[in-house]
Amino acid sequence: RLPRGKTHTRASTRIRALRPPRPRTSIAFASPSNAALAHLAARHAPSPSPASSRPRRIRQFGQSPRWASAADLFIVNNKTESLCALKHWGPTVPHAAVLDKVFASHRESVKQNLYNDVLTTEGKQYCFHITRGEITYIATTETETEPLMMVEFLTQLHVVLKAYFTDVTEAVLQEHHVTLYQLLDEMLDSGIPVNTHPGGLKVLVPPPNLLNRAQSVVFGHQGVLVSDQDPLKLLPLPWRSNNIKYASNEIYLDVIESIDATLDSEGRVLNSALHGVIEVNSRLSGMPDISLSLSNSHLIEEYSFHPSVRLSRFAADRVVSFVPADGVFTLMSYKVRPPAQKDPPQWQPRYIKQNAWAQSQISGGMNAGSNATQVPLPLYIRPQATFGATQGRVSIVCGTKPAFEKPVESVSLEVRLPGRVASADPSATHGAATYDDMGHHVKWVIDKFPNDKTPCLTIQLSLEDHFSSGDQKGRGAKGGGEGDAHRAVRLQELVDIHANFSVSGVGTSGIKVETLQVRNEKYKPSQGVRYHTRGGRVVVRT
């Protein structure tokens, strides 16, 4: 023994050598879902390809990654502005001040036709909010975080609640408020999203059914069941349990493509983009492993996948390999780039097929040279607008192009009028046209196009003259030329037309499902693929 206050150098060195090294980072599992998520991350970590992977940024010791952490969460009815649920992970923030700021900003953005999902309140808090139906989801944070991460979490929260309750309304959320708060505890750990998959959450928090309601009536709120078994056995993957059984196994895919385009008054495409989503409806037993091959997959420029997809496999041979989640989920979303004609093709894989761009360039004629890289639209819209001092007129002709074999259905045109419109009288040769006095826009709905005529919409406008006689006298004293020029510019007001449409059974990009193979199971499931083309943000400017 050594005297108090003295240590032996060799002994202390030997003792420190026998101690196990401290880990640099530690993970605390606050809930079963977090343990399952950490187990999955260690098990399914993608192996980067040394040839094609980008150089990774090395994080030095002591630096921590930036996580999207929410300090407060509010679920509000936007019609009555009443609070449905709230949860805090930090200092309590008065919800009234936050809600007033959010709804005031939302009302102002509706008037300007600009919708924002991020709001800064008093320079101290960042508010992220989305609106789905009558429910508005609001998350606040006092630290700088990734905006898209928080918006994506709020979107996924609505998807989870819709998977649990089907209809997400204030009455439904108040009826199942215990299940709602249990879901929030499983989805967020100290404000950080950890588990946002409906399939995995249904194993940890059973959905409300007749048995749970009966137990809740008999035993109170203690009757809501939560699985007390090992989550690694019940939930080997966060999105799928291992005890799924179906009498008939089937899997169906929906390839939905949306066209974003900006057109001028003559119908020429100025700018366009094509986005796609593949949705899967899986009802498969056991733990199947699926391989999906796509034609023209070389046109996919930007993509995001479901967490079940193996990224290394897609980067190597463009095959989507995954273990599907149970039920309906979004497998991937992508953006398609137009094929370049200037560059000669260096290689031609077997999965390349003729797409809609090539067909439009062949049948486009003279206009193919100017719009060779633009997405072909299945319809044309040609507006004409004239304005006077107190009256105006807007006429729109809308029809389908003969190059598309499938009929265009569910066409909806929203004609946004200038702010000085006092009243409008729309009349359409086909379809229904209504005028919204609050929003200053006319909505024209065409379910199906007729075969014998082209639909036409005519809007008679009554305008407010903002130039009074006093203003004209004041301007006349300064100079008549300046007043006339200002008046001419004032009368040249624009009319924006936002179009939406749907075409069933056809895809615009040419990306199609070639093969769908199910492995790791003995059964042969029923398969089916459907293609849809929809109008995203199609704007016509006059």
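Is Asn520 buried or exposed? At 57% relative accessibility, Asn520 counts as exposed, because the cut-off for that class is over 50%. The residue lies in the loop between β22 and β23 (526-541). Phi of Asn520 is near 70°, a positive value in a residue other than glycine. Most residues other than glycine have a negative phi.

This is a predicted model, and confidence comes before detail. The average pLDDT of the protein is 75. A score of at least 70 is reached by 68% of the residues. Two stretches call for care. Residues 342-354 have a pLDDT below 50. That stretch makes 14 contacts in the model beyond near neighbours in sequence. Residues 468-480 also fall below 50. Here the model shows 7 contacts beyond near neighbours in sequence.

Now the whole protein. It holds 13 helices and 23 strands. Of its 542 residues, 39% are buried. Among contacts with a separation of 6 or more, 69% join residues 24 or more positions apart. The accessible surface comes to about 31,900 Å². Carbon and sulfur atoms account for 50% of that surface.

Turn to the sheets. Strands of a sheet pair through backbone hydrogen bonds, either parallel or antiparallel. Val415 stands opposite Ile497 in β21.

Another open sheet has 3 strands, ordered β12-β10-β22, with antiparallel pairing. β12 and β22 (512-519) are the edge strands, and each pairs on one side only. Neighbouring strands are turned by 15° against each other on average, direction ignored. β10 (residues 289-295) is joined to β12 by 4 bridges. To β22, β10 is joined by 7 bridges. Follow Leu292 across the sheet. Leu292 stands opposite Val320 in β12, and its bridge partner in β22 is Leu516.

Which way do the side chains of β12 point? In a regular strand they alternate between the two faces of the sheet. In β12 (residues 319-322), Val319 and Ser321 point one way, and Val320 and Phe322 the other. All are buried.

The loop between β10 and β11 holds Asn296. Phi of Asn296 is near 60°, a positive value in a residue other than glycine. Asn296 counts as buried because its relative accessibility is 0%. Asn520, by contrast in accessibility class, counts as exposed.

Past β11 comes another loop. Pro307 is found between β11 and α10 (311-317). Its relative accessibility is 49%, so Pro307 counts as partly exposed. What does Pro307 touch, apart from residues up to four places away in sequence? The partners are His197 and Trp239. Pro307 and His197 are 110 residues apart in sequence. In space their C-alpha atoms are 9.4 Å apart.

The helices bring a further view. α4 (residues 147-165) has 19 residues. From first C-alpha to last, α4 reaches 27 Å, close to the 27 Å expected at 1.5 Å a residue. Its buried residues include Met150, Phe153, Leu157, Val160, Leu161 and Phe165. Thr166 follows α4, and its phi is positive, near 65°.

Helix α6 (residues 177-187) includes Met187. At 0% relative accessibility, Met187 counts as buried. Leaving aside neighbours within four places in sequence, Met187 is in contact with Phe153, Leu157 and Val160, among others. Met187 and Val160 are 27 residues apart along the chain. Their C-alpha atoms are separated by 9.8 Å.

Technical notes. Residues are numbered from 1 along each chain as its sequence is written. This is a predicted model: local features need pLDDT of at least 70, side-chain atom pairs count only at pLDDT 80 or more; totals for chains, interfaces and linings use all residues. Side-chain values use heavy atoms; hydrogens and water are left out. Two strands pair if DSSP finds at least two bridges between them. Helices (H or I, at least four residues) and strands (E, at least two) are DSSP runs, numbered from the N terminus. Buried means under 20% relative accessible area, exposed over 50%, partly exposed in between (1.4 Å probe, protein chains only). pLDDT is the predictor's confidence in each residue, from 0 to 100. Contact means heavy atoms within 4.5 Å. Accessible areas come from the Shrake-Rupley method with a 1.4 Å probe; for residues, only the protein chains shown count as cover. Axes are lines fitted to C-alpha atoms, for helices over the stretch in contact, and angles run from 0 to 180 degrees between N-to-C directions. The expected span of a helix is 1.5 Å times one less than its number of residues.
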